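I set out to record what could be looked up in this model about strand pairing and charged contacts. The entries are kept in the order in which I made them.

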Amino acid sequence: MKNTIYYFACFTSFMLILSACKKDLGNYNYSTLNKVVITEMTPQYIGYTGKKLTISPKLNMSNGQAFQTEGYNFEWFSVDSNMLDNSKSKTVLGHDAKLDIVLPLVPSRYALYYRVTDKETGYFSEFKASLQVTSEIADGWLVLNEINNTARLDMLAYNQSSKKYIPYTDIISTMSNLKVVGRPLLVQYTDTRDISNFQSIARIYIGTDQHTYSFNNQKYTWDIFQDLKNEVMRPTGNDFHALKFSSTIGQTYLLDSDGILNYENITTMTMWGPTLNRLNTGGTIKISPYIADTKSAWWENYIVVFDIQNQRFLIHRGSNQALIIPSSSQPDIFKPEAIGKDLLYLDFAPIATEQFYALVKNPTTGKINLLRFTANDTEFVLLGDDQLDSSIPIDKADQYAIDPNYGYLLYSIGNKLYQYDPFNKVNKVILDLGNRTISRLKYQKSAGWWQQRYDDLFENLILCSYDPSQPNTSGKMELYNIPLNGTPKLTSSYVGFGKIVDVSYRE
């Protein structure tokens with residue numbers, strides 16, 4: 001009987017509670033949450049390190065009421081997508097309704113967040129965008145000048161917004177504490193990696209006759225540098241420097257002032273140091289500074305060099321620790337292992353039928369031949385052995401270049417640019433610069449990943465010249481498109497340099 005009374009009392013209490021709750025529910029007036037709506041922001045932004053970045057969002061309430069700034073907190077912050085440690089990747093940029101700052105971020109790709117938080121409820125609205133931070137000197141032409149026997153590095157920096165090149169003078173002195181010593185020899189951009197952690201390093205080498213300075217330019221700064229001799233894994237002298245670089249993605253050849261051909265390939269953990277200009281039988285081979293690099297896929301390095309003393313072609317490929325003597329598909333008429341002539345010029349022609357060009361001169365008769373051949377692994381296949389007319393002054397050339405579009409051999413003597421067509425055996429002057437002297441002639445080869453803009457740009461001939469009466473101020477860099485008929489068409493011209501010694505492109 002007691003249990004029955006107890007259960008009845010519990011049931012009665014439960015029903016009273018439900019009744020009270022039901023009645024209480026009717027006392028509330030429910031409505032949709034009034035949220036902040038963020039507009040007039042875009043999904044993507046580009047910012048420049050150390051420059052102003054201004055973003056002005058428009059804020060409204062979802063119910064149409066006016067937005068009251070004093071009732072909210074604001075936060076702008078970025079997250080670096082390239083950093084592995086998320087705890088260190090967030091950077092707070094501001095606490096105002098609008099962003100108006102000098103951008104403190106180093107070049108990278110970021111996620112940009114704008115968060116508006118209700119002070120009373122803690123609810124927030126958020127807008128996320130991508131932010132590509134770059135530097136004003138992140139992409140463009142590196143121009144090495146000779147000024148009173150010293151080196152000065154200038155840059156024509158590509159501006160992504162205007163699609164134009166902005167000149168910067170003496171960027172090493174203005175952006176680092178380094179003083180470059182010696183007469184300038186070369187500038188080289190290389191897309192490589194750090195052998196210790198495999199992280200990307202945009203390497204820029206600035207070479208003089210006393211030192212070669214190695215810059216880690218991955219973050220587009222110029223304060224991480226060292227002497228190349230500290231990267232080479234063997235003892236070197238005080239004035240050790242580079243004579244020639246030839247590079248493609250992830251791997252680079254170096255011919256240095258000790259006469260050693262070195263090779264660096266981060267993928268195979270190979271560092272500068274091993275002597276490649278030798279055969280398996282031993283003994284260092286003196287090779288020409290002309291190195292013909294096929295610039296093939298990054299895992300298939302292949303170069304042709306020339307043994308000066310033995311007057312022969314040699315090959316280096318893959319991970320070999322020595323050079324290889326090539327054979328010939330026509331040994332009766334073409335003996336690459338015994339040319340018997342001096343080399344004037346050697347390079348790779350990336351035309352439809354990819355091939356090597358070699359200008360050679362008979363030391364006895366003075367006659368000049370142009371050899372053209374392809375490489376089938378270690379076998380050379382001769383395409384042409386043309387004896388040039390004695391009236392062609394090609395052996396007097398100061399500079400050589402091979403047109404990658406049509407295979408013309410271009411060369412300069414003083415103020416004149418010549419073109420030799422090896423297929424129709426025609427030689428002619430295609431440009432006369434009057435009182436100006438040509439100081440550099442080249443076609444830029446890409447060192448990084450493919451981009452159509454670079455392909456289009458690098459199809460142009462780079463021609464640098466100066467007035468000998470004003471060598472420190474009259475330097476000019478011009479880009480020419482040379483069509484099939486051989487008449488140069490000027491596409492770009494840049495002034496304000498000294499005597500330009502070398503040019504490379506920071507991709």
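Entry 1: I note at the outset that the model is predicted. I looked up the sheet that contains β21 and found 3 strands in the order β20-β21-β22, forming an open sheet with antiparallel pairing. I then asked why one side of β20 and of β22 is left without a neighbour in the sheet. β20 (292-293) and β22 (312-317) stand at the edges and each has a single partner strand, so one side of each lacks a neighbour there.

**Entry 2: the pairing of β21 with β22.** I recorded 6 bridges between β21, residues 302-307, and β22, in the antiparallel sense. For Val304 I looked up the bridge partner in β22, which is Ile315.

**Entry 3: a hairpin.** I turned to β30 (residues 416-421) and β31 (residues 426-432), which pair in the antiparallel sense over 6 bridges. Lys416 has Asp432 of β31 opposite to it. How many residues lie between β30 and β31 in the hairpin? I found 4 residues between them, and in the turn Lys425 has a positive phi of about 55°.

**Entry 4: salt bridges.** I noted 18 salt bridges in the structure. Side chains of opposite charge can pair when their charged atoms come close.

I examined the salt bridge of Glu146 with Arg183, where the closest N and O atoms are 3.0 Å apart. This pair links distant parts of the chain, 37 residues apart: Glu146 belongs to strand β10 (residues 140-147), while Arg183 lies in the loop between α2 (171-175) and β13 (184-193). Is Glu146 buried or exposed? Glu146 counts as buried because its relative accessibility is 12%, under the 20% limit. Arg183, at 39% relative accessibility, counts as partly exposed.

**Entry 5: Arg152 and Asp154.** I recorded a salt bridge between Arg152 and Asp154, with 2.8 Å between the closest N and O atoms. Arg152 counts as buried at 17% relative accessibility, and Asp154 counts as buried at 1%.

Entry 6: I looked up the salt bridge of Glu478 with Lys476, whose closest N and O atoms are 4.0 Å apart. Glu478 is buried, with a relative accessible area of 8%, whereas Lys476 is partly exposed, with 21%. I also noted a network in which salt bridges with shared partners join Arg234, Asp256 and Asp258.

Note on methods. Residues numbered from 1 in each chain as written. Predicted model: local features only at pLDDT ≥ 70, side-chain atom pairs only at ≥ 80, totals over all residues. Heavy atoms only, no water. Pairing = 2+ DSSP bridges. Helix = DSSP H or I, 4+ residues; strand = E, 2+ residues; numbered from the N terminus. Salt bridge = Lys/Arg side-chain N within 4 Å of Asp/Glu carboxyl O. Buried < 20%, exposed > 50% of the residue type's maximum accessible area, 1.4 Å probe, protein only.
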